[in-house]
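Here's a quick walk through one protein model, taking in a loop residue, the cores and a pocket. Have the structure open while you read.

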Amino acid sequence: MVRIRENNILARNREGKKGLGLSLVFPSAEAIELVGMLGGFDFVNLDAEHGLFTQESVDAMVRVADGYGLTTIMRVPDKSANFINLYLDRGVMGVLGPHVETADEAKALVDACRFTPEGERSWGGGRGTFYNDSGLIDQPGLDRSEYMELTNKEMLVMAQLESATAFDNLDAILAVEGIDAFAWGTNDLAQSMGYPGKPEHPVVQEAQNAIGERIHAAGRHLSSDIHTAIALNDLILNGSREFLSANS
């Protein structure tokens, strides 16, 4: 049997449950280790679009997550294939592509994340593919088709719709195969609709709700349908406020 990492979020979904995770916007292998020791968490989410991450820090955090059986997903800083492949080679098993506005961009996102025949993901030699070692993969020789097929089944591909243009092109985007879920970007959406800094404006919320209904009507999922996460910065800030309040 080919060695493969299981995507805990997808496994939870098959049980009718959401994946539970910790979200980070700055590197902390220690935080990942703590929730790994605690147990009960399924994944960690790295926000690399707005977060402070290097390739080395991502590699270290995914390594710790793997050690505790946690799946790592990431909002990539750039949805180009070259950037995505760098993170998949670290062992990231779920990608949220930001600012997807057209069907072509959605298709390019899928192509970057999935091996042929479902996409065009490049084969790498990093830890994500067990350093390209046949013995580690448990598949002797150069025929990697079974590994590629199984990896595709465990890959989570999500597209972030965060502009009026994306909403206008929704039907074409929904027609693209290979996207597992869609996410919002409410602040950027509000700005694109002419309501900068007002994500709670009724017009913005109505548009977002209507799009959510169309996504569900098409038999597709929102990211909030399949997983939920608590942010490390919120844990620190909320815990600190409670401490200050209790001791002031």
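Tyrosine 68 sits in the loop between α3 (55-67) and β3. Keep in mind that this is a predicted model. Isoleucine 32 is 36 residues away from tyrosine 68 along the chain, yet their C-alpha atoms are separated by 8.7 Å.

Now for the cores. The largest nonpolar core has 46 residues, and Leu24 and Phe182 have the most contacts inside it. Helix α5 (residues 103-113) gives the most to this core, with five residues. Apart from it there's another core, of 10 residues, including Ile9, Leu10, Leu156 and Ala183. Back to leucine 24: not counting residues up to four places away in sequence, leucine 24 touches Ala31, Ile32, Val44, Asn45, Leu46, Asp47, Phe53 and Leu232.

On to the largest pocket, which holds about 600 Å³ of space. It's lined by 27 residues, and the closest to its centre are Asn45, Arg75, Leu96, Gln160 and Trp184. Which element gives the largest share of that lining? That's β7, with four residues. Other elements giving two or more residues include β2 (43-47), β3 (71-75) and α13 (232-247).

| Lining of the largest pocket | Number |
|---|---|
| Nonpolar | nine residues |
| Polar | 12 residues |

Definitions and conventions: Residues are numbered from 1 along each chain as its sequence is written. This is a predicted model: local features need pLDDT of at least 70, side-chain atom pairs count only at pLDDT 80 or more; totals for chains, interfaces and linings use all residues. Side-chain values use heavy atoms; hydrogens and water are left out. A nonpolar core is a set of buried Ala, Val, Leu, Ile, Met, Phe, Trp, Tyr and Cys residues joined through side-chain atoms within 4.5 Å. Buried means under 20% relative accessible area, exposed over 50%, partly exposed in between (1.4 Å probe, protein chains only). Contact means heavy atoms within 4.5 Å. On a 1 Å grid over the protein atoms alone, a cavity is a set of points where a 1.4 Å probe fits but cannot get out, and a pocket is an open set with protein on both sides within 12 Å along at least five of seven lines; lining residues have an atom within 4 Å of a point. Grid points are joined across faces, edges and corners, and a volume is the space filled by probe spheres set on the points. Ala, Val, Leu, Ile, Met, Phe, Trp, Tyr, Cys and Pro count as nonpolar, Asp, Glu, Lys and Arg as charged, and the others, Gly among them, as polar.
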